[in-house]
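This report is written for someone meeting the structure for the first time. It goes through a handful of local features, one after another.

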Amino acid sequence: MKIYTKNDLQNKDFNESFYSQIEFESLNDVAKIIENVKAGGDEALIKYCEKFNDGNFKSTDDFLVSDKEIEEAYAATDKTVIDTIKTAHKNVFEFAKKQLETIKELEIKVENSILGHRIVPLERVLCYVPGGNYPLPSSAIMTVTPAKVAGVKNIFLTSPRIKPQTIVAAHIAGADKIYKLGGAQSISAFAYGTSTIQPVDKIVGPGNKYVTFAKKYVYGTCDIDFLAGPSEVLIVADESANPEVISADMLAQAEHDKDARAYLITTSRKLADEVEKSAQKQLETLATKDIAQIAFEKSAAIITDTIDEAIEIANLRAPEHLELMFKDAIDYADKFTNYGSLFIGQNCAEVFGDYCSGTNHVLPTNKAARYTGGLSVFDFIKILTYQNIDSDLAKNLAKTASCLAEAEGLFAHKLAADLRK
């Protein structure tokens with residue numbers, strides 16, 4: 001972990017390690033995959049799956065996880081793990097349900113006319129669950145559950161080299177179909193459709209940089225949640241914080257991916273040094289050291305004079321996960337405005353959000369938290385407005401519409417309004 005001071009804010013090395021986004025690579029190759037699957041359908045999909053070792057697909061029947069395979073997945077998964085998945089699902093389900101209750105259908109009367117909006121769930125969505133370094137049943141819970149609560153009619157989940165515990169989580173959460181596909185080729189198949197795969201209205205879920213670019217490429221053909229790249233955490237702390245807890249939380253993000261990042265902003269240089277020492281000690285026995293150490297070495301700490309300075313930098317960075325470990329942190333929480341999810345206090349482990357507290361762990365990265373929040377039940381609904389205008393109100397509205405239409409030079413618009421006068 002590199003340690004900087006506020007005087008380094010304009011330093012090129014600092015900006016590259018702290019503010020820069022993870023650059024997409026091999027974009028042309030990803031675009032070719034997407035277009036080839038779009039044109040070649042199932043045949044091209046099978047070829048790419050074989051090329052990238054995503055499974056042995058002899059026919060399109062092999063795309064789906066069968067009922068028998070679901071039964072086998074339950075048998076192969078420890079009962080304690082199954083019970084834990086059910087507990088996590090319950091917490092996420094209840095939070096998503098309460099979220100949905102905050103939005104109401106609307107209907108208002110204007111004299112004898114009616115204006116309003118309806119809440120309508122999407123028809124078909126794809127929940128993508130990464131299957132590279134680790135199986136991620138938690139991501140199946142986080143993506144499928146809010147879609148189910150929202151009332152989505154067809155929820156598909158796909159994950160490359162899918163593991164039994166992920167199949168179990170997808171089934172418990174309520175996925176209608178579970179696929180074994182992955183990579184940019186699967187994103188293309190579900191965006192454009194093939195002979196056997198229905199095109200979806202929206203694709204959600206995290207993925208590596210190739211999956212992330214594929215989502216970016218197909219956006220417009222279908223919707224996406226956001227571009228969720230490698231994981232990141234930013235911790236704001238003072239001298240009262242526990243360095244062992246901080247280093248553990250930083251390594252928890254670092255072990256996701258070599259491109260993951262963990263940041264510390266602190267008013268105490270002593271704390272930063274202690275966090276570095278603690279992390280190196282924890283890495284000695286960490287089973288995921290090969291990945292975590294690389295990501296941690298590319299991460300950074302900044303020493304500031306005040307918490308207010310730390311707040312300013314944190315809002316500029318707009319991290320995926322933001323942890324506050326300083327005295328009276330709750331009193332400062334509202335000053336932080338850019339983050340995917342906020343964790344206040346030393347007891348509030350970020351990994352609780354990853355797994356089971358109830359909030360969603362699919363969150364914006366690469367500074368996207370400046371303009372969007374994390375995945376939620378709201379991603380799976382549409383707010384559709386409607387109006388029923390009577391003749392009296394139509395005459396009044398026609399005058400306004402006609403005048404504005406003429407001012408814009410849109411005379412067919414003016415005609416349509418004038419005919420209602």
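Lys 414 and Asp 418 are separated by about one helical turn, because they stand four residues apart in helix H16, which covers residues 411–418. In this predicted model, the two residues form a salt bridge in which the closest N and O atoms are 3.3 Å apart. Asp 418, which counts as partly exposed at 24% relative accessibility, also meets the side chain of Lys 421 in a salt bridge, with an N to O distance of 3.2 Å. Lys 421 is exposed, its relative accessible area being 52%. Together with Glu 406, the residues Lys 414, Asp 418 and Lys 421 are linked in a network of salt bridges.

Side chains of opposite charge can pair when their charged atoms come close. How many salt bridges does the structure hold? The number is 15, and one of a further kind of interest joins the side chains of Glu 69 and Lys 180 at 2.8 Å, N to O. This pair links distant parts of the chain, 111 residues apart, with Glu 69 in helix H3 (residues 67–76) and Lys 180 in the loop between strand E6 (177–179) and helix H7 (183–192). Glu 69 counts as partly exposed at 25% relative accessibility, whereas Lys 180, at 18%, counts as buried.

| Salt bridge | N to O distance |
|---|---|
| Glu 69 and Lys 180 | 2.8 Å |
| Lys 414 and Asp 418 | 3.3 Å |
| Asp 418 and Lys 421 | 3.2 Å |

Another lysine, Lys 215, is found in helix H8, which spans residues 209–218. Is Lys 215 buried or exposed? With a relative accessible area of 2%, Lys 215 is buried, because buried means under 20%. Polar atoms of the Lys 215 side chain lie 2.8 Å from the backbone oxygen of Gly 205 and 3.1 Å from the backbone oxygen of Phe 226. When residues up to four places away in sequence are not counted, Lys 215 touches Ile 187, Ile 203, Val 204, Gly 205, Ile 224, Asp 225 and Phe 226.

The cysteines can be described next. The structure holds zero disulfides. Cys 49 is in no disulfide, and the nearest cysteine sulfur, which belongs to Cys 222, is 18 Å away; a disulfide would need the two sulfur atoms within 2.5 Å. Cys 127 is likewise in no disulfide, with the sulfur of Cys 222 again the nearest cysteine sulfur, here 13 Å away. Cys 49 is buried, with a relative accessible area of 0%, and Cys 127 is buried with a relative accessible area of 0%.

On the surface, Leu 106, Ile 108 and Val 110 form a nonpolar patch, with about 210 Å² of accessible area together. Val 110 lies in strand E2, residues 106–110, and is partly exposed, with a relative accessible area of 30%.

Glu 111 sits in the loop between E2 and strand E3 (113–121), and has a positive phi of about 60 degrees although it is not a glycine. Glu 111 is exposed, with a relative accessible area of 55%. Arg 161, also not a glycine, has a positive phi of about 50 degrees. Arg 161 lies in the loop between strand E5 (154–158) and helix H6 (164–173), and is partly exposed, at a relative accessible area of 36%.

Key
Residues numbered from 1 in each chain as written. Predicted model: local features only at pLDDT ≥ 70, side-chain atom pairs only at ≥ 80, totals over all residues. Heavy atoms only, no water. Patch = residues over 30% accessible without salt bridge, like charges linked within 9 Å, V, L, I, M, F, W, Y side chains within 5 Å. Areas by Shrake-Rupley, 256 points an atom, 1.4 Å probe, with all protein chains shown as cover. Salt bridge = Lys/Arg side-chain N within 4 Å of Asp/Glu carboxyl O. Helix = DSSP H or I, 4+ residues; strand = E, 2+ residues; numbered from the N terminus. Buried < 20%, exposed > 50% of the residue type's maximum accessible area, 1.4 Å probe, protein only. Polar contact = N/O pair within 3.5 Å; in protein donor to acceptor, adjacent residues only side chain to side chain. Contact = heavy atoms within 4.5 Å.
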